[in-house]
Amino acid sequence: MTRPTDTALPGKGMPAIPASKRWLEAVPWLLALGTYAAAPQYAPLLTQIFVMILFAMSLDLLVGYTGIVTLGHAAQFGTGAYVAGILAARGWITDPTMTAVIAMVAAGCIGLFFGSLMLRTKGLAFLMLSVASGMFLYEIANKATGITGGDDGLQGVVFSPLLGLWEFDFRGTTAFFYSFVMLFLTFIFLRRVVNSPFGWSLRGLRENDLRMSAIGCHNYRRRLTAYTIASTLAGLAGAVQAQCTGFVALNSLSFELSGAVLIMLILGGSGRLYGAMFGVPIYMFAQDYLAKRDPTNWFLWQGIILLILVLFARGGVLSLAERGFHACCRRRPG
Amino acid sequence: MSAVLDLCDVTAGYGPTVIIENLSLALQAGEVLAVLGRNGVGKSTLMKTIVGQTRLHRGEVHLKGESIGRLPSYRRALSGIGYVPQERDIFGTLTIEENLRISARSGRWTVEAIFELFPNLAGRRRNRGDEISGGEQQMLSIGRALVGNPSVLLLDEPMEGLAPVIIDQILKVLHTLRSAGGLVIVLVEQYALMALEFAPRTIVLDRGRAIFDGRSIELSGNPELMASCLGLSGSLA
């Protein structure tokens, strides 16, 4: 088979970055490491951003590539966080790698279960069911205080040193590098997935599922596979969150988190993997800034910014940047 | 010899609405059939009924002796139905090569064989589906159906809206497919004379029923019959 096309930045109407400019792909990664080198005191914030990017990337497989818009993705994130947290808090398994794997399996199973029910519907019905799936797990976690800590969250979560070598220190150095590596590995994995025949078929489903069916694709199974993969990765994001913070909050299963991660993705640009890398930090910094500037009305400002983006930059921030980049390339040939 | 594609007394349509009524049709291996008729008589619905995109009210559809009338669309495709829809339905965000590869199944028609058949596509294999011309999209649509290595190829108005030079190229390919033999080709076409010349057998539909089923030469050689079946005089091309 010939090499798959390099569509790491495919967008929905923009050409991919030319091979000669491929080095640009390294920029976000170098920027992250550079930020840490310049200001290591921000390691916990960067870790939080990496976790959310990982989470948003998993959602991108559904929203951007498969055309499944869900408002219940936090169900899988929270499952991953709680599974990893409970295993460590009870002292059953404290190894970070092992708990991450178990959390991924658990989130994948939850995704498979809910997906098998929800993906029989479409549109608004699916959206409502996705909200219900998140609320269902949220309420279970809320009521099972003996296991989850309920509204207070799960505390006293202590993991053993990473690979038996690195403790999760209070400065957040181990957490920073751990979340960075997890994010990078997830990105490589997702990049391979979306550029494989399976990934192409997901884009085909997003565009025209009737046509996909007519060329022999079992659409339901294909969507369910994508949903399970995305759920597994959301579970990983949740587990990393629990490992890096040593705490699992009840809102890791909340509707608000599902909505926020969707907004982050739309802000950055869905269907291009890198969109999450831009959307998440912009959202988090904007939220922080707006909350400080106008504590009472910051939600309003956030809404106005989103409205402007949706109206004038439908592909998100990355789409705007891409358009500018290609305009520059056209002006300066070679 | 048993028919590759066999429609027995088929009544089908969209939801409760019946479009095709009591249609029977049997096609042997290598047979080429033209489906003619005015607009809205059910030509495309017939294709969609074979593909599984309509509601089958009554009757049976058999492919190579197996009943496929109640199978979902994807199972029919896997059984050997290749469909080139009127709208082409190219996946715009996938490249030409990706469009072909997601449909490919083992058999004679590989992606490279399609590129040999349509050299225009080979040169633009890395272009996205929404970056190519209408003619190239039609070639891609035919190629995408072929890489599934079907035993029945359904072509729904493949020449619609194309420039004469592109029509010639596509016709040449269709002649190649016909000459190769083995493949059942069902061609729905508005250019009646072209279709009659290409397909040895023709059915003419009117309000969902077959009002003519016979040798194309009988129809093309009889202007009165042409006029009564198609409502047009001899110069139809």
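How many residues of chain B are in contact with chain A? The count is 21 residues of chain B, and they meet 19 residues of chain A. Keep in mind that this is a predicted model.

**Where the chains meet**

- Helix 2 (73-79) and helix 3 (96-101) of chain B each bring at least two residues to the side of chain B that touches chain A.
- Helix 2 of chain B gives the most to that side, with four residues.

**The four-stranded sheet of chain B**

- Chain B has an open sheet of four strands in the order 2-1-4-5, and the pairing is antiparallel.
- Strand 2 (17-27) and strand 5 (66-67) of chain B sit at the edges with a single partner strand each, so one side of each has no neighbour in the sheet.
- Strand 1 and strand 4 of chain B run antiparallel and are joined by seven bridges. Across that pairing, Asp6(B) stands opposite His62(B) in strand 4 of chain B.
- Strand 4 (residues 55-63) of chain B is also joined to strand 5 of chain B, by two bridges, and these strands run antiparallel too. Here His62(B) turns up again, with Ser67(B) in strand 5 of chain B as its bridge partner.
- Strand 4 and strand 5 of chain B make a hairpin with two residues between them. In the turn, Lys64(B) has a positive phi of about 50°.
- Helix 1 (residues 43-51) of chain B lies across strand 1 (5-14), strand 2 and strand 4 of chain B. The helix runs at about 70° to strand 2 of chain B.

**The six-stranded sheet of chain B**

- Another open sheet in chain B has six strands in the order 6-7-8-3-9-10, and its pairing is mixed.
- The edge strands are strand 6 (81-84) and strand 10 (209-215) of chain B; each has a single partner strand, so one side of each is left without a neighbour in the sheet.
- From one strand to the next, the twist averages 15°.
- Helix 6 (residues 134-146) of chain B packs on this sheet and touches strand 6 and strand 7 (152-156) of chain B. Its direction makes about 175° with that of strand 6 of chain B.

**A closer look at strand 3 of chain B**

- Is strand 3 (residues 32-36) of chain B mostly covered or mostly uncovered? It is mostly covered, since five of its five residues are buried.
- Val32(B), Ala34(B) and Leu36(B) point one way from the strand, while Leu33(B) and Val35(B) point the other way.
- Strand 3 of chain B pairs in the parallel sense with strand 8 (residues 184-188) of chain B over four bridges. In that pairing, Ala34(B) stands opposite Leu187(B).
- Strand 3 of chain B also pairs in the parallel sense with strand 9 (residues 201-206) of chain B, again over four bridges. There, Val35(B) stands opposite Ile203(B), and Leu36(B) has Val204(B) as its bridge partner.

**The nonpolar core**

- In soluble globular proteins, nonpolar side chains tend to be buried together.
- The largest nonpolar core here has 159 residues, and the members that touch the most others are Ile53(A), Leu54(A), Ala56(A) and Leu154(B).
- Helix 2 (residues 43-66) of chain A supplies the largest share of this core, 16 residues.
- Leaving out residues up to four places away in sequence, Ile53(A) touches Leu183(A), Ala276(A), Met277(A) and Val280(A).

- Helix 1 (residues 27-38) of chain A is hardly covered: one of its twelve residues is buried.
- Thr148(A) lies in helix 6 (residues 145-148) of chain A. Why does Thr148(A) count as buried? Because it has 22 C-beta neighbours inside 10 Å, and the cut-off for buried is 20 or more.
- Not counting residues up to four places away in sequence, Thr148(A) touches Tyr82(A), Ala141(A) and Leu154(A).
- Thr148(A) and Ala75(A) are 73 residues apart in sequence, and from C-alpha to C-alpha they are 14 Å apart in space.

Note on methods
Residues numbered from 1 in each chain as written. Chains lettered and ligands numbered in written order. Predicted model: local features only at pLDDT ≥ 70, side-chain atom pairs only at ≥ 80, totals over all residues. Contact = placed C-beta atoms within 7 Å. Pairing = 2+ DSSP bridges. Axes fitted to C-alpha atoms, helices over the stretch in contact; angles between N-to-C directions. Core = buried A, V, L, I, M, F, W, Y, C linked by C-beta atoms within 7 Å.
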